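Grab your viewer and work through these exercises with the model loaded. Each one has a task, then a solution in steps.

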Amino acid sequence: MTLSVLDLFSIGLGPSSSHTVGPMRAARLFARGLAEDKTLPEVARIKAVLYGSLGATGEGHGSDNAVIMGLAGRDPETIGAEEAPQVVAEAVNTGLLALDGTHEVSFNKGEDVVLNGWESLPGHPNGLRITAYAADDSVLAEEDYYSVGGGFVVTAQALDQAGTDAEPEIPEPHPFSTGAELLQRCRESGLSIAEVMHANELTRHTDEEIRTSLLAVWAVMQECVENGCSRSEEVLPGVLLAKRRAPGLRRRLREQEAAGDTKDTLWAMEWVNLFALAVNEENASGGRVVTAPTNGAAGIIPAVLHYFDMFRDCDDDRVVEFLLTAGAIGTLFKRNASISGAEVGCQGEVGSACSMAAGALCAVLGGTPEQVENAAEIGLEHNLGLTCDPIAGLVQIPCIERNAIASVKAINAARLSLAGDGTHRVSLDEAIMTMRDTGRDMMSKYKETSRGGLAVNVAVNLPEC
C-alpha cells in the first residue's frame, strides 16, 4: 500500500472522517461513476444503505446527510460548512435530488437513505451500499463501499485486491512498511524521518506541491482553532447540549496574560487544552477541520503543533518537518493496523494521533530518529485499549476532552523520549501490533456503535417526539 502524507492530512467537514467524510466521498464517487458511464440520464431513483457502525451511529455522525451531499456532487474538501445543510434541506424539502449536481431524481430521505446498524457488510464495520434504479425499478448500478478510517474509501473489489499484484506500488527511494524499516532507512541514508518521507513523497508530488499543501493544511488547522474560539453559540448541536468551552477559556487566558498572571507552571498546558478543545468543538459542530489522521482525533496534532508554534522557535520549515514526521508515523498505523474507531476502537484514532504528534514534536525539538520512534511508541502505548463509545452517537463526549488529554500526553511523551538516548524495551512496531490485536479482541459494542461503555451508562434525556 503506497501512502502519501497528503492522504493522511485531508480537509473536510466534521464530525467524523469515517462516518461523514468517507460516506460523502463514496456517494460522490458513485454519482460520478454514473455520469462517466453515461447511465445518469436513465436513473429515476437512488438508494443508500449504511451498515454496521455507519448505521448504528450514522444519525449522530451526520452520515445520512453526508451521503445526500455526496450524491449531489459535493466534495468534503471544498463544500462549505454553511452550504452543507442547505444542500440537504433542498433535497428533503423538494423531494428531488440532483445527482452529480445535474440530474434530478425523486427523493425521500426516510426511504432512500437507510441506517442499518444491525447488519454488517463482510469487508469492514463501516459499509455502505448504493443502488441506482431505472423507472421500471430495474437495477442500473450497484456498488459496495467501505469507509476504512481517516476519510479513506475503498470499493469492495479494491478491498478484496488489497495486498495483491492488482494493487501496484509506486517505487520509492526509501521504502518502509514498519518502524524498524524506517529507522534502518534513516541509518543507511543519514536522513531524518521527515527527510526520508519527503524523498518518498517526491515520487508523487513536486517539492513545491508538498510544501504548499502541508502549509495549507497548517493554515486550515490555525483557522479551525480560531473558529472554535470565536463561536457565539453556547452549546454544541445535538441532544447532549454540551457546552462550548474554548471561547470562554481563551477569554480567561487572554485576561490572565494581559494582567501578567502567567506564573502558573502549567500555563502552557492551559493553551494546549484550549487548542484541542477548539478544534474538536468545531468538528463536533460540523465545521471545517483537517483529518489528522481522523476527525474524531483531529485536535491532537494541531494542538501540539500550536504549542510548538507558541512556545518554541517555529517557522514554515519546522511546520513541514513536523507534518512529514507525523505522516511517516501515520503510514505505519494505516499499513499495519487501523485508524478506524469502528475497527479497533478509539485507540486507533486518539492513540494514533497521540503517537504521531509525540514523534513529530520530538523531531522538531531535535530528537534523533530513534528518539522519535521512542516518543511515538510512548504516545501509543498509553492509549492501548481505548474504547470508542460516543454518547448518543455524537462526536462530543468523551471525544472532545479525550483530544485535550492526549495532546498533553503527546508532549510529555516527546519530553520523556528526549530525556533518553532512544533505546527502549517496547518498539513502536510491537505497540502497533498490540493495538491491532486488542482491536480484534474488543467487543463490537466498544467500537463506535454507541452500544457500550459511557454510551449506555450515561443517561441522556432525549427530546419527546
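Pro293 sits in the loop between β9 (288-290) and α14 (300-311); helices here are DSSP runs of H or I with at least four residues, strands are E runs with at least two, and both are numbered from the N terminus. Before you start: this is a predicted model, where local features need pLDDT of at least 70, side-chain atom pairs count only at pLDDT 80 or more, and totals for chains, interfaces and linings use all residues. Residues are numbered from 1 along each chain as its sequence is written, and side-chain values use heavy atoms, with hydrogens and water left out.

**Exercise 1.** Find what kind of peptide bond joins Ala292 and Pro293, then inspect the one from Ile397 to Pro398.

*Solution.* 
- Step 1: the Ala292 to Pro293 bond is cis, with omega at about -5 degrees.
- Step 2: Ile397 to Pro398 is cis too, omega being near 10 degrees.

**Exercise 2.** In what order do the strands of the five-stranded open sheet run, and which ones stand at the edges?

*Solution.* 
- Step 1: read off the order, β5-β2-β6-β7-β8, with mixed pairing. Two strands pair if DSSP finds at least two bridges between them.
- Step 2: β5 (113-116) and β8 (152-155) are the edge strands; each has a single partner strand, so one side of each lacks a neighbour in the sheet.
- Step 3: from one strand to the next, the twist averages 20 degrees.
- Step 4: zoom in on β6 (residues 126-133) and β7 (residues 139-149), which pair in the antiparallel sense over seven bridges. Thr131 has Glu142 of β7 as its bridge partner.

**Exercise 3.** Describe the hairpin of β3 and β4, including its turn.

*Solution.* 
- Step 1: β3 and strand β4 (residues 103-106) are antiparallel, with four bridges; Ala98 stands opposite Glu104 in β4.
- Step 2: three residues separate the two strands, and Asp100 in the turn has a positive phi of about 55 degrees.
- Step 3: in a regular strand the side chains alternate between the two faces of the sheet. Strand β3 (residues 96-99) has Leu97 and Leu99 on a covered face, with Leu96 and Ala98 on an uncovered one.

## Helices and charges

**Exercise 4.** How do the axes of α11 and α13 cross, and which residues make the contact?

*Solution.* 
- Step 1: helix α11 (residues 207-230) and helix α13 (residues 267-284) have axes that come within 8 Å and cross at roughly 85 degrees. Axes are lines fitted to C-alpha atoms, for helices over the stretch in contact, with angles from 0 to 180 degrees between N-to-C directions.
- Step 2: α11 and α13 are therefore roughly perpendicular, a label for 65 to 115 degrees.
- Step 3: the contact (heavy atoms within 4.5 Å) involves Cys224, Val225, Asn227, Gly228 and Cys229 of α11, and Leu274, Phe275, Ala278, Val279, Glu281 and Glu282 of α13.

**Exercise 5.** Which residue forms a salt bridge with Asp75, and what does the pair tie together?

*Solution.* 
- Step 1: a salt bridge needs a side-chain nitrogen of Lys or Arg within 4 Å of a carboxyl oxygen of Asp or Glu. The structure holds 20 of these salt bridges.
- Step 2: the partner is Arg28, with the closest N and O atoms 3.7 Å apart.
- Step 3: Asp75 lies in the loop between α5 (63-71) and α6 (83-94) and Arg28 in helix α2 (residues 17-36), so the pair ties together parts 47 residues apart in sequence.

Notes
Angles under 35 degrees count as roughly parallel, over 145 as roughly antiparallel, 65 to 115 as roughly perpendicular and the rest as oblique. Buried means under 20% relative accessible area, exposed over 50%, partly exposed in between (1.4 Å probe, protein chains only).
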